[in-house]
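Have a go at each one before you read the solution.

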Amino acid sequence: MTIFDTDILSTFAKINRLDLIKRLFGTIYITPMIKEELLAPLEYGYKFPLQILNDSTAIMPTEGELSLYSNFRTKLGKGEAEAISIARTRKLSFVTNDKVAQEIAKENGVNIISIQAILKASLEKHFLSQVELFEVIKDMGFKDGLIIPENEIKNILDPNKAESD
C-alpha cells in the first residue's frame, strides 16, 4: 500500500494522467489532511482536485499516528506530516515531490517513491512510449510548473540505471 502526497496527485491530475497512478498502484490512498489540502483549490474554482477526490480512498490515522503527526508537524505541512506518521507506523511507501518530506521520511524508515520513479515505471511497463513520456514531462512543466532536470530524464530513459531519489 502506498500513500500519495498532494503535490504528486495534483501534478498528474492537472495533466489528466491520473490513469498512470491508478495503473501502477491500483488504489490511490490519501490521508484526511491531504484530502483537506485538495479541497482548498476548489474554493478558487480549480476543478482538478475533483478527479483525485473521486478516485482516492482516505486512510484514517490511529491515536498513536496522531501523536507522531504532532512531532513531524514542526517541520512539515499537515499532509506530509500525517502521511509520514501513517506510513512509518504501518510500513507503507510514501509518494511525494517535497524534498524536506522525502528526507524526514527516509530518516524515519519510510520508503519514498519519486515522480521520476513513477515515470520510469510507466515507461518500463509500457504504459507510456518515449514520445508520450516527453509529452507528459512537457505538460508537467506547462500546466504545473514542474521541471524535471535533464540528468533525471536520462535516468528515467536508461533501463540499466536504478532510480535515485
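E36 is partly exposed, with a relative accessible area of 39%. Keep in mind that this is a predicted model, which holds seven salt bridges.

**Exercise 1.** Work out which side chain E36 meets in a salt bridge, and where the two partners sit.

*Solution.* Start with the contact: E36 pairs with K78, at 2.9 Å from N to O. That passes the test, because the cut-off is 4 Å. Last, check K78 itself: its relative accessibility is 32%, so it counts as partly exposed.

**Exercise 2.** Take the salt bridge between D19 and R17. Is R17 buried or exposed?

*Solution.* The N to O distance for this pair is 2.9 Å. Now look at accessibility: R17 has a relative accessible area of 18%, and buried means under 20%, so R17 is buried. D19 comes out at 27%, so it is partly exposed.

**Exercise 3.** Explain why K154 and E150 are about one helical turn apart.

*Solution.* First, the contact: the side chains of K154 and E150 form a salt bridge at 3.7 Å, N to O. Then the spacing: both lie in helix α10 (residues 150–157), and because they are four residues apart there, about one helical turn separates them.

Notes
Residues are numbered from 1 along each chain as its sequence is written. This is a predicted model: local features need pLDDT of at least 70, side-chain atom pairs count only at pLDDT 80 or more; totals for chains, interfaces and linings use all residues. Side-chain values use heavy atoms; hydrogens and water are left out. Buried means under 20% relative accessible area, exposed over 50%, partly exposed in between (1.4 Å probe, protein chains only). Helices (H or I, at least four residues) and strands (E, at least two) are DSSP runs, numbered from the N terminus.
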